[in-house]
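Student: I have not seen this structure before. Could we go through it by question and answer?

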Amino acid sequence: AARAGFVSSMAGSEVGEAVSELHDLRRTFTERAMLAGTDLVVRPLVRAGTTPEQLVGMTLADAPASEDLTRLRARRRELGIPADDDAPLVVDAAGRAVGIDALPLHLRKARSYQVGVDANTSICRGQLAARYGL
């Protein structure tokens, strides 16, 4: 509810009062959204022939401008991870640059999160259409 927090939003509701906020859960989802966004930005680069060695040396400024890159920067800022042009393109959830040895697993995880986002989006759109004819 307009970022009022879970406890404030649930106060006095029929389901009872919340006893704690959802900050950790929100951060986890934002981290996953950032990783999914990394997949959307990096996958086209890989398809175009960018090597793993090149990827680990790239900065955000090296990635082509796109809506996906803009969203990735926003997620990183939300997490307190550098999102300026000089920041590494591929980082972990703590904002550390991903090295060449960790890159394959990192990109597989990022792709997995993006597939999950796509699946959930499809389910939600289907439910909205069934319930409300949207």
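This is a predicted model: local features need pLDDT of at least 70, side-chain atom pairs count only at pLDDT 80 or more; totals for chains, interfaces and linings use all residues.

Student: Within what arc do the buried residues of helix 4 fall, seen down its axis?

Tutor: The buried residues of helix 4 are Leu 69, Leu 72, Arg 73, Arg 76 and Leu 79. They line one face of the helix, because seen down the axis they fall within an arc of 125°.

Student: Why does Arg 73 count as buried?

Tutor: Arg 73 is found in helix 4. Leaving aside neighbours within four places in sequence, Arg 73 is in contact with Leu 60, Ala 61, Ala 83, Asp 84 and Asp 85. Buried means under 20% relative accessible area. Arg 73 counts as buried because its relative accessibility is 15%.

Student: How far is the backbone oxygen of Ala 83 from a polar atom of the Arg 73 side chain?

Tutor: Ala 83 is among the residues in contact with Arg 73. The backbone oxygen of Ala 83 and a polar atom of the Arg 73 side chain lie apart by 2.6 Å.

Student: Which residues does Leu 55 touch, not counting those up to four places away in sequence?

Tutor: Leu 55 belongs to the largest nonpolar core, where Met 34, Leu 55, Leu 60 and Leu 89 touch the most other members. Beyond four places in sequence, Leu 55 touches Val 42, Leu 45, Val 46, Thr 50, Leu 89, Val 90, Leu 103 and Leu 107.

Student: How far does helix 5 reach from its first C-alpha to its last?

Tutor: Helix 5 has 30 residues, and at 1.5 Å a residue the expected value is 44 Å. The reach in the model is close to that, at 43 Å.

Student: Which helices are included in what covers the buried residues of helix 5?

Tutor: The buried residues of helix 5 are Leu 103, His 106, Leu 107, Ala 110 and Gln 114. What covers them includes helix 2 and helix 3.

How values were computed. Residues are numbered from 1 along each chain as its sequence is written. Side-chain values use heavy atoms; hydrogens and water are left out. A nonpolar core is a set of buried Ala, Val, Leu, Ile, Met, Phe, Trp, Tyr and Cys residues joined through side-chain atoms within 4.5 Å. Buried means under 20% relative accessible area, exposed over 50%, partly exposed in between (1.4 Å probe, protein chains only). Contact means heavy atoms within 4.5 Å. Helices (H or I, at least four residues) and strands (E, at least two) are DSSP runs, numbered from the N terminus. The arc is that of the directions from the helix axis to the C-beta atoms. The expected span of a helix is 1.5 Å times one less than its number of residues. A polar contact is a pair of N or O atoms within 3.5 Å; within protein, one must be able to donate a hydrogen and the other to accept it, and residues adjacent in sequence count only if both atoms are side-chain atoms.
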